[in-house]
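The following paragraphs lead the reader through one structure, step by step. Please keep the sequence and the three-dimensional view at hand while reading.

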Amino acid sequence: EGLTPAHAQPPADVAELYSREAAQHCGVDSGQVRIEEVRSPDGTTRYIVYVPATTDWSAKSGDSTTDMTTNVQAMAGNDTVMREMVRQAIADAGIGPDDEVMLVGYSQGGITAGSLAADPAFLDDVNVTALMTVGAPVSDFAIDSGIDVLSIEHEQDLVPDLDGNENPATKNWSTVTVDYDPDELRKVPELADKTDAELDEMFASAGAAHSSVAYAASIGLLLRGGNSGFDRFTSKNSGFFSGDLAKTRDYQCKRKRH
């Protein structure tokens, strides 16, 4: 059973795509991989794979696949339990080598998704055509030039800078850098359910610019104001944002202990 109910329709835009991504890890001990099967009007079946972010910040390795061990191993360029979880989920879903796949990841999920999009062995089996990362250090990954990429980063978020480089400025890779503005974000509908005290606590945090809630608010603000990077990504990958949501599959696992 998934962490949240399945949706009735494909995501309508980048904001919905991100909100579904964030739901794969928020408030749980270990995140899940969700795969949405989208049957488009052109008769093509496409798949959106949501990769969860960090849920356990302990320095000690445990059962959780979304812990600090995964972060350290992924940033070092090593294989991880989360990469294996994504591979197994895709295989279990019966996704064929010619089926179009979009990977979506925030923070650790973005690291995992970006590393897979740069892995020739993975791409031999999985036809990744689109990738969206949020708040993730992915510039060091040699992502295949045939994959259309959208990266969203807060200017004040230190996490996307952990790799020490900027994302390549290429025709297939758009990076939308957002000026993190707490005063402006307080007004957005995405945070309307939070009290002033909750907002004060959130924005006072040292890691506030990396908060998944803050990113949701910024993405919503940009979408309503119009953003060329968002427009380009949704237009180029329109088949993932339209049609019928035929099936939703959710996958959870534990790290095998030796």
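**A guided reading of the model**

Serine 139 is buried, at a relative accessible area of 11%; buried means under 20% relative accessible area, exposed over 50%, and partly exposed in between, for a 1.4 Å probe and protein chains only. The model is a predicted one, in which local features need pLDDT of at least 70 and side-chain atom pairs count only at pLDDT 80 or more, whereas totals for chains, interfaces and linings use all residues. Residues are numbered from 1 along each chain as its sequence is written, and side-chain values use heavy atoms, with hydrogens and water left out.

Serine 139 belongs to the loop between β4 (127-134) and β5 (148-154). Helices (H or I, at least four residues) and strands (E, at least two) are DSSP runs, numbered from the N terminus. Leaving aside residues up to four places away in sequence, serine 139 touches Asp163, Asn165, Glu166, Asn167, Pro168 and Trp173, where contact means heavy atoms within 4.5 Å. A polar atom of the serine 139 side chain lies 3.4 Å from the backbone oxygen of asparagine 165.

Although serine 107 is not a glycine, its phi is positive, at about 55°.

The strands form an open sheet of 7 strands in the order β6-β5-β4-β3-β2-β1-β7, with mixed pairing; two strands pair if DSSP finds at least two bridges between them. β6 (173-178) and β7 (244-251) stand at the edges with a single partner strand each, so one side of each has no neighbour in the sheet. From one strand to the next, the twist averages 15°. Within the sheet, β1 (residues 33-39) and β2 (residues 45-51) run antiparallel and are joined by 6 bridges.

Helices lie against this sheet. Helix α1 (residues 14-22) lies across β1, β2, β3, β4, β5 and β7 and runs at about 70° to β3; axes are lines fitted to C-alpha atoms, for helices over the stretch in contact, and angles run from 0 to 180 degrees between N-to-C directions. Helix α8 packs on the sheet as well, touching β3, β4, β5 and β6, and its direction makes about 115° with that of β5. Among the buried residues of α8 are Ala214, Tyr215 and Ile219. Just after α8, glycine 226 takes a positive phi of about 90°.

How values were computed
Polar contact = N/O pair within 3.5 Å; in protein donor to acceptor, adjacent residues only side chain to side chain.
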